[in-house]
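Trainee: I'm new to this one. Could you walk me through a few spots?

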Amino acid sequence: MKSPYESRGLKIWSLLVVAMALMALWQYYPLDPATDRLDRLPLNGLGFKGENIKLDATEAEVFGKAKVLKRIYRAGGITILLTVIDGTKNRHAIHDPSYCIRGGGWSVVSRSPFTEQGQSAEILTVRKKAEETTILYWYATAGRRHASPLRYWMDTSLRRLLLGASGPEPVLVHLQPLSHRAIDWHEFFARMPMLLDL
């Protein structure tokens, strides 16, 4: 007759084996990507004009199978570089943007919260030698926005665990000004509100 400890140990090992088998199978379950949301984002419209940018060889290697939308938009005298990353097929492509920034030789000078329509994002002020710029980013799930890498990881992990039943895939939205003038982001989003719906 097995002791209670042996019986409990067997149950725990059985659960671990089942969990590992499920995790191995889940990676092959095809989840719907955020492609439709990215494809719906207009290139041109009233008061703005866009241009698609091809990924360079290094970016293509880093992002791998992740879908990446990279565009330059001009609106009201403001020029920005938009990068949206859908990590459905490569979750490792999405992380805290400050890691990539530091990897590119920039240092983060400051972080400040940014709120638009009651939802949050974050503005990073970054510097490389004498050059300084700002970057606005957020993680988005069909119009819900936040700036927490941990929450992104939890959302995407739950989605995989539930085989997509928890909702659409979160994406990382990254905006970098290319013009040297100071940007009023609220004014910019008044011209391009569709970016907030990603």
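Trainee: Is Ile12 buried, partly exposed or exposed?
Mentor: This is a predicted model, where local features need pLDDT of at least 70, side-chain atom pairs count only at pLDDT 80 or more, and totals for chains, interfaces and linings use all residues. Residues are numbered from 1 along each chain as its sequence is written, and side-chain values use heavy atoms, leaving out hydrogens and water. Ile12 is found in helix α1, residues 4–26 (helices are DSSP runs of H or I, at least four residues, and strands are runs of E, at least two, numbered from the N terminus). Buried means under 20% relative accessible area, exposed over 50%, with partly exposed in between (1.4 Å probe, protein chains only), so at 45% Ile12 is partly exposed.

Trainee: And Thr141, buried or exposed?
Mentor: Thr141 lies in strand β7, residues 131–141. Leaving aside residues up to four places away in sequence, it touches Arg37, Asp155, Pro168, Pro170 and Leu198 (contact means heavy atoms within 4.5 Å). Its relative accessibility is 8%, so Thr141 counts as buried.

Trainee: Which residues of α5 are buried?
Mentor: Seen down the axis of α5, the buried residues fall within an arc of 100°, so they line one face of the helix (the arc is that of the directions from the helix axis to the C-beta atoms). Those buried residues are Tyr152, Thr156, Arg159 and Arg160.
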